[in-house]
Amino acid sequence: MDLYILQTRLRAISTQEMESSYAQAIRKRVESDYKDVYNVTMTSTKLFEEGKARFNKGNFEDALELFRCSYEKSQDNEGNLYYMARSYHLTGDITHAKQYYTEYTERFPNGANLSDVKDRLNSLN
């Protein structure tokens, strides 16, 4: 089954339906068979927290994937945007790092990491 179709079908399942033991068994099976489906069933906050844990362990590529999934669900978390930019930077993708550092400065002009973001952006120019 195409992963996109699977994700779409999982998104359509209501919270009430997910509470049944049958639905939970299916979810566990899907999560074990398709490791990257976690982004369908996890909230943006949970994805961000898991991404930050992996980032702090130096696993920047896995962290980046989690930050991207989190960002798809919600663009309101300034920390997510910051760590996504940092992850791109640390994996050597300077183009995307600049893009997300710039987006951070535009969307969060009073953000907690603004000074750091500006310094990093200036060092890349």
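Modeller: Before we start, a cut-off: buried means under 20% relative accessible area, exposed means over 50%, and partly exposed lies in between. Keep in mind that this is a predicted model.

Biologist: Fine. Which class does Q75 fall in, then?

Modeller: Q75 is partly exposed, because its relative accessible area is 33% and that class sits between 20% and 50%.

Biologist: Where is Q75 in the fold?

Modeller: In a loop. Q75 lies between α6, which covers 60–73, and α7, which covers 78–90.

Biologist: What does Q75 touch, leaving out residues up to four places away in sequence?

Modeller: R107 and F108.

Biologist: And what does the side chain of Q75 reach at 2.5 Å?

Modeller: The backbone oxygen of Y71.

Biologist: How far is Q75 from S44 in space?

Modeller: 9.2 Å, C-alpha to C-alpha. In sequence, Q75 and S44 are 31 residues apart.

Biologist: Which residue forms an aromatic pair with F108?

Modeller: Let me start with the search. Over the whole structure there are ten aromatic pairs. In one of them, Y104 and F108 form a tilted pair, 5.5 Å centre to centre with 45° between the planes.

Biologist: How accessible is Y104?

Modeller: Y104 has 0% relative accessibility, so it counts as buried.

Biologist: What about Y82 and Y83: buried or exposed?

Modeller: Both are buried. The ring centres of Y82 and Y83 are 5.1 Å apart.

Biologist: Why is that pair edge-to-face?

Modeller: Because the planes of the Y82 and Y83 rings stand at 80°, and over 60 degrees counts as edge-to-face.

Biologist: Which residues form the aromatic cluster?

Modeller: F48, F55, F60, F67, Y82, Y83, Y104 and F108 form one cluster.

Biologist: Change of topic. How many helices and strands are there?

Modeller: Nine helices and zero strands. Along the sequence the pattern reads α-α-α-α-α-α-α-α-α.

Biologist: What share of the residues is buried?

Modeller: 35% of the 125 residues in the protein.

Biologist: And the accessible surface?

Modeller: About 7,700 Å² for the protein. Carbon and sulfur atoms account for 47% of that surface.

Biologist: Last one. What share of contacts joins residues at least 24 apart?

Modeller: 50%, taken among contacts between residues at least 6 apart in sequence.

Key:
Residues numbered from 1 in each chain as written. Predicted model: local features only at pLDDT ≥ 70, side-chain atom pairs only at ≥ 80, totals over all residues. Heavy atoms only, no water. Helix = DSSP H or I, 4+ residues; strand = E, 2+ residues; numbered from the N terminus. Buried < 20%, exposed > 50% of the residue type's maximum accessible area, 1.4 Å probe, protein only. Contact = heavy atoms within 4.5 Å. Polar contact = N/O pair within 3.5 Å; in protein donor to acceptor, adjacent residues only side chain to side chain. Areas by Shrake-Rupley, 256 points an atom, 1.4 Å probe, with all protein chains shown as cover. Phe/Tyr/Trp six-rings, centres within 6.5 Å; stacked < 30°, edge-to-face > 60°.
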